[in-house]
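Colleague: I have a model open and would like to go through it piece by piece. Can we start with the ligand?

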Amino acid sequence: MAYNLLKGKKGIIFGALNEQSIAWKVAQRCVEEGAEIVLTNSPLALRMGELTKLAEECNAPVIPADVTSNDDINNLLTKSMEHFGGGVDFILHSIGMSLNVRKGIGYTDNNYDFTHKGLDISALSFHRVLAAAMKMDAINEWGSVLALTYIAAQRVFPDYNDMADNKAYLESIARNFGYQYGVKKHVRVNTVSQSPTRTTAGSGVKGFDGFINYAEKMSPLGNADANQCADYCVSLFSDLTKMVTMQNLFHDGGFSYTGVTAAVIEQMEK
Ligand SMILES: NC(=O)c1ccc[n+]([C@@H]2O[C@H](COP(=O)([O-])OP(=O)(O)OC[C@H]3O[C@@H](n4cnc5c(N)ncnc54)[C@H](O)[C@@H]3O)[C@@H](O)[C@H]2O)c1
């Protein structure tokens with residue numbers, strides 16, 4: 001069901017890797033709601049070739065950008081503005097990567113070169129995109145910028161490793177940049193804290209199956225899936241949420257405020 005919530009709006013979607021990606025679903029929903037989009041991902045991800053399928057479906061250009069490169073971000077924003085003939089109304093940052101997680105190095109043994117790289121990709125990149133956009137005046141008045149995050153920023157999930165620190169940093173950037181961009185141009189900046197979701201990045205976390213099943217039992221509504229996350233993102237890009245900014249918004253079926261559920265107690269009593 002489409003409501004034309006994004007009719008006439010233009011946006012940039014980072015991080016669609018394959019059909020499981022949350023960004024993939026957000027891109028599809030944005031277009032369904034009337035938006036025009038530009039898709040972007042790292043040159044490495046683009047070589048995997050799947051994004052062209054989404055680009056054709058969404059009638060969207062693909063502009064490569066490694067989010068650790070200022071030049072790539074500037075080029076992406078310049079080309080997007082040329083394509084749209086002006087600024088954008090929304091941006092989705094859907095990017096996360098930890099080399100420590102990937103290489104199976106536990107939190108107390110973290111390799112700091114890997115930590116730096118993960119922080120740069122997963123958190124600093126959000127600052128880099130916002131700062132470049134502000135300098136180039138690339139986001140229209142009352143624009144909306146979102147990054148995806150996880151509750152490990154507030155509570156300990158041991159196997160989430162250094163991504164927990166990266167997400168805490170990411171959420172802090174949303175608050176601090178949200179203030180600056182709000183004052184300057186009424187641009188709002190928020191993070192959406194999503195339930196565990198079966199994607200390439202999600203499944204990389206050790207013990208993911210146990211993790212996602214536990215969250216399902218611990219959420220009164222169950223886990224939110226990627227399509228539902230896309231619906232929520234659309235609402236936050238729309239004009240219906242103009243006064244929401246600097247927030248970390250839980251999209252998790254109630255998990256974040258639940259102490260225990262009957263389903264978990266029943267499991268423990270077995
Ligand atoms: N899957 C989950 O359980 C879950 C839960 C909460 C939040 N999130 C967050 O959602 C976001 C999207 O992840 P996903 O689960 O859809 O997985 P995904 O693997 O589909 O997406 C991660 C994306 O990051 C991109 N990326 C990595 N390095 C990059 C770089 N240097 N430059 C540009 N892009 C780069 C990848 O190419 C990929 O497209 C991430 O921020 C993730 O932490 C995921």
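Modeller: A polar side-chain atom of Asn41 lies 2.7 Å from an oxygen atom of the ligand. A polar contact here is a pair of N or O atoms within 3.5 Å; within protein, one must be able to donate a hydrogen and the other to accept it, and residues adjacent in sequence count only if both atoms are side-chain atoms. Before we go on: this is a predicted model, where local features need pLDDT of at least 70 and side-chain atom pairs count only at pLDDT 80 or more, while totals for chains, interfaces and linings use all residues. Residues are numbered from 1 along each chain as its sequence is written, and side-chain values use heavy atoms, with hydrogens and water left out.

Colleague: Which backbone atom lies 2.9 Å from an oxygen atom of the ligand?

Modeller: That is a backbone N or O atom of Ile22. A polar backbone atom of Val67 is 3.0 Å from a nitrogen atom of the ligand.

Colleague: How much of the ligand does the protein bury?

Modeller: The protein buries 93% of the 820 Å² that the ligand exposes when taken alone. Those areas come from the Shrake-Rupley method with a 1.4 Å probe; for residues, only the protein chains shown count as cover.

Colleague: Which elements give two or more residues to the shell around the ligand?

Modeller: They are β4 (139-149) and α8 (200-203). The largest share, 3 residues, comes from α8. Helices (H or I, at least four residues) and strands (E, at least two) are DSSP runs, numbered from the N terminus.

Colleague: And which residues come nearest to the ligand?

Modeller: Ser21, Asn41, Lys167, Thr197 and Thr199, out of 29 residues around the ligand. A residue counts as near if one of its heavy atoms lies within 4 Å of the molecule.

Colleague: Where are they, and are they buried or exposed?

Modeller: Asp137 lies in the loop between α6 (112-136) and β4. Asp137 counts as partly exposed because its relative accessibility is 43%. Asn161 is in the loop between β4 and α7 (163-185), and at 9% relative accessibility Asn161 counts as buried.

Colleague: New topic. What does the side chain of Asn248 make polar contacts with?

Modeller: With the side chain of Glu171 at 3.4 Å, and with the side chain of Thr191 at 2.8 Å. Asn248 is in strand β6 (residues 248-251), and is buried, with a relative accessible area of 19%.

Colleague: What else does Asn248 touch?

Modeller: Leaving out residues up to four places away in sequence, Asn248 touches Thr149, Gln154, Glu171, Thr191 and Ser193. Contact means heavy atoms within 4.5 Å.

Colleague: And Thr191, where is that one?

Modeller: Thr191 lies in strand β5 (residues 188-194). Thr191 has a relative accessible area of 0%, so it is buried. Its contacts, not counting residues up to four places away in sequence, include Ala147, Leu170, Ala174 and Leu249.

Colleague: What about His251?

Modeller: His251 lies in strand β6 as well. Its relative accessible area is 14%, so His251 is buried. A polar contact of 2.8 Å joins its side chain to that of Gln194. Leaving aside neighbours within four places in sequence, His251 is in contact with residues including Ser193, Ala224, Asp225 and Tyr232.

Colleague: Last one: is Glu269 buried or exposed?

Modeller: Glu269 is exposed, because its relative accessible area is 67%. Glu269 lies in the segment after α11 (262-268).

Key:
Buried means under 20% relative accessible area, exposed over 50%, partly exposed in between (1.4 Å probe, protein chains only).
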